[in-house]
Amino acid sequence: MLLLKLAFLNIGRNPRRSIITVLAVGVGLAALIFLWGFSDGTNEQMRENVIRLLTGHVQIHAPGYQNSLSPELTLQNREGLIQKLTALPNLVAFSERVKCEALIGTSEKSRGVILSGIDPEREIKVTDLKKYIKAGEFLTNDANREIVIGDRLAKKVDLKVGDKAVVMTQAMDGTLSGFSYYIKGIFHTGSQTLDEVSAYISLNSAQELLALDHETHEIVIRLARRKAIPAFLKELKTSLPSGAYDVSTWDEIVPEVEQWAKWSEAIIRTILFAVMIVIGVSIMNTVLMSVFERTRELGVMMAIGTSPGRVIRLILLETFILELFGIALGLVLGYLVTIYFAHAGIAFPELERAFSRSYMSTVTYTRVEPVHVIQSIITLFVLTSFIGLYPAWKAGRMEPIKAIYRS
Amino acid sequence: MGEGNTNLKMTLIKTERATKIFKEDSEPVFALSSVSIQIEAGEFTALSGPSGSGKTTLLNLIGCLDRPSEGKIYFDGNEVSKLSQHQLTEFRLRKIGFIFQDYNLIPAFTAIENIEYVLWLQGTGAAERRKKAVEVCDRFGIKKLINRRPFEMSRGQQQRVAVARAIVHKPKIVLGDELTANLDHKTGTELMEFLKELNREENITFLYATHDPAVLKQANRIITLEDGKLTGEKVGANVSL
């Protein structure tokens, strides 16, 4: 305890230097926590954007459908499948879809789209598309010959709410099928994929367009949270006949999101390492200066019987104390700043165009991931302690006579 | 055991042809050259000589702060010349007290914590440490300085606290190097008189290096060195042989 007390007192002997060192550690760690928070927040938003707007957590298709998008590949034994699904735990909601490539246009302009026939009441429990309606209304279950499109598509084809557009596609029987639809609503999600290429009609309308008899191509499933996916998949695969369906998770459908997340984490880790080296060198410099200034004092201590091991422990204790204060400061500062921006968000309105090609939002909400905070703290502590070994070792190796009589 | 060994039993310190060679620019420098002396328990002995005569070197060898290049050092019947660093540290802790010219005290500690420090190194419990330290402060008349830090004391007061620390663990010998060099004449004289009193009343052995004639006068025995060699010895009226 006396050694610990001495370590504290020694740190207090040069308060300015100690405070600067603690600030260097604290601000460095706070910056790292915020950086992680920004990256984690961005990645999390991307994941949730994909899940909430596009894919749900899990999707079920007929074997081979994902690769070909062939309209003939509908889900077999649909009712039996739905019965099994509804019995599974963790299921929050599901929705069926009919999908095809189609052409939408007026007499003057037309564009290719991915047309989805949806059950509106079920769909709004699985995706958040309804929240992004900016003009008109979303589809309802009694919708007939009504269509909802993205704002970029509406602009390209020069359509507005209430206008009529023709949608044409190839039906199941190979014939060309086309109907007129009224623009019920226009949405804006910020994602180019959705706003420029996607259009939605009711399930009944789509089955009529494609000459499908109560058949669907896709079941989209929403769970309570992403962490529930593995357990849900296990249950699902047990209950389904082997090979009858293709089950895909959201990250298998849109793999680029996780790839982006891994890349950004690798960048953060590189920055983290560099920042920690700088912090470690700062601590080492402070402790080395402190040892150098106390050469004679340490020499006298060793002369009167303080072992080299005790001297090393003393210097290490001083290093640890500075680190711990710095870490505590960094933790509080980093947490407060990250939590603030988790609520307030950081806006990048000028980057909407760039973000539209990914699934990033123009307002990023930071996020505290405990595992990343803990990793940062442990790595910082271990690295800086390792770097701090050098001044401690140097102090322990001092020869008392040379230290005492140093001129 | 023979007559030589009987001498060892009465003798606290014995050096046999102690030599210390330093290498400067590949040239050997004999800081100490074949010095043989004996220090008996209870002595109040001064090492005298001009600067560079080897006083401090001899003190360092006797104090187990360094090892001789040649020759042997016996301390309380043990040959210390070949002990490891760890053993020397332990020896110093248990058997020797040190008073240096400067930087005696740990600046972060109060006077009493400085005195307790050696007892703590020895593993003495907190209550016992405090009791012994207070006793010594009382004996030395420095009780009012107990909670002061070194920068809050005069040099003379600091040296008194350093002496208290040097003797609190009842060492076999107290070694001092230029104890009064940074003190004014009056304070220096008071300090030496105080040490003499300790020597008389508590039979503490003192060996100190100095080139100050006024401080030399206090010694019961003076060993003179020059250019690393023993050149003479004077025994005063008060020495106990």
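**Note on a predicted two-chain model**

1. With 14 C-beta neighbours inside 10 Å, B:Asp227 counts as partly exposed (a residue is buried if 20 or more other C-beta atoms, placed from the backbone, lie within 10 Å of its own, exposed if 12 or fewer, and partly exposed in between). B:Asp227 sits in the loop between β9 (221-226) and β10 of chain B. Although B:Asp227 is not a glycine, its phi is positive, at about 50°. Helices (H or I, at least four residues) and strands (E, at least two) are DSSP runs, numbered from the N terminus.

2. The model is predicted: local features need pLDDT of at least 70 and side-chain atom pairs count only at pLDDT 80 or more, while totals for chains, interfaces and linings use all residues. Residues are numbered from 1 along each chain as its sequence is written, and chains are lettered from A and ligands numbered from 1 in the order in which they are written.

3. Chain A also has a residue with this backbone feature. A:Asn77 is not a glycine, yet its phi is positive, near 50°. A:Asn77 belongs to the loop between α3 (65-68) and α4 (78-86) of chain A. A:Asn77 is exposed because 12 other C-beta atoms lie within 10 Å.

4. In chain B, 6 strands make up an open sheet with mixed pairing, in the order β6-β7-β8-β3-β9-β10 (two strands pair if DSSP finds at least two bridges between them). Its edge strands, each pairing on one side only, are β6 (96-99) and β10 (229-235) of chain B. On average, and with direction ignored, neighbouring strands of this sheet are turned by 20° against each other.

5. Within chain B, strand β3 (residues 44-48) and strand β8 (residues 205-210) run parallel and are joined by 5 bridges. Opposite B:Ser48 stands B:Thr210 in β8(B).

6. Helix α6 (residues 155-167) of chain B and helix α7 (residues 185-202) of chain B have axes that come within 10 Å and cross at roughly 20° (axes are lines fitted to C-alpha atoms, for helices over the stretch in contact, and angles run from 0 to 180 degrees between N-to-C directions). α6(B) is therefore roughly parallel to α7(B), a term for angles under 35 degrees.

7. Which residues of α6(B) and α7(B) meet? From α6(B) come B:Arg155, B:Gly156, B:Gln159, B:Val163 and B:Ile167, and from α7(B) come B:Thr187, B:Glu190, B:Leu191, B:Leu195 and B:Leu198. Contact requires C-beta atoms, placed from the backbone, within 7 Å. The residues of this contact comprise 5 nonpolar, 3 polar and 2 charged (Ala, Val, Leu, Ile, Met, Phe, Trp, Tyr, Cys and Pro count as nonpolar, Asp, Glu, Lys and Arg as charged, and the others, Gly among them, as polar).

8. Between the chains, 17 residues of chain A are in contact with 17 residues of chain B. On the side of chain A that touches chain B, at least two residues each are supplied by α1 (2-13), α12 (295-303) and α16 (400-404) of chain A. That side has 10 nonpolar, 4 polar and 3 charged residues.

9. Helix α3 (residues 85-95) of chain B has B:Thr89, B:Arg92, B:Leu93 and B:Lys95 as its buried residues. Their cover includes α12 of chain A, as well as β4 (70-75), β6 and α4 (111-121) of chain B.

10. A:Ile277 is located in helix α11 (residues 256-293) of chain A. A:Ile277 counts as partly exposed because it has 13 C-beta neighbours inside 10 Å. A:Ile277 and A:Leu380 are 103 residues apart along the chain, and 8.7 Å separates their C-alpha atoms.

Conventions
Parallel < 35°, antiparallel > 145°, perpendicular 65-115°, else oblique. Contact = placed C-beta atoms within 7 Å.
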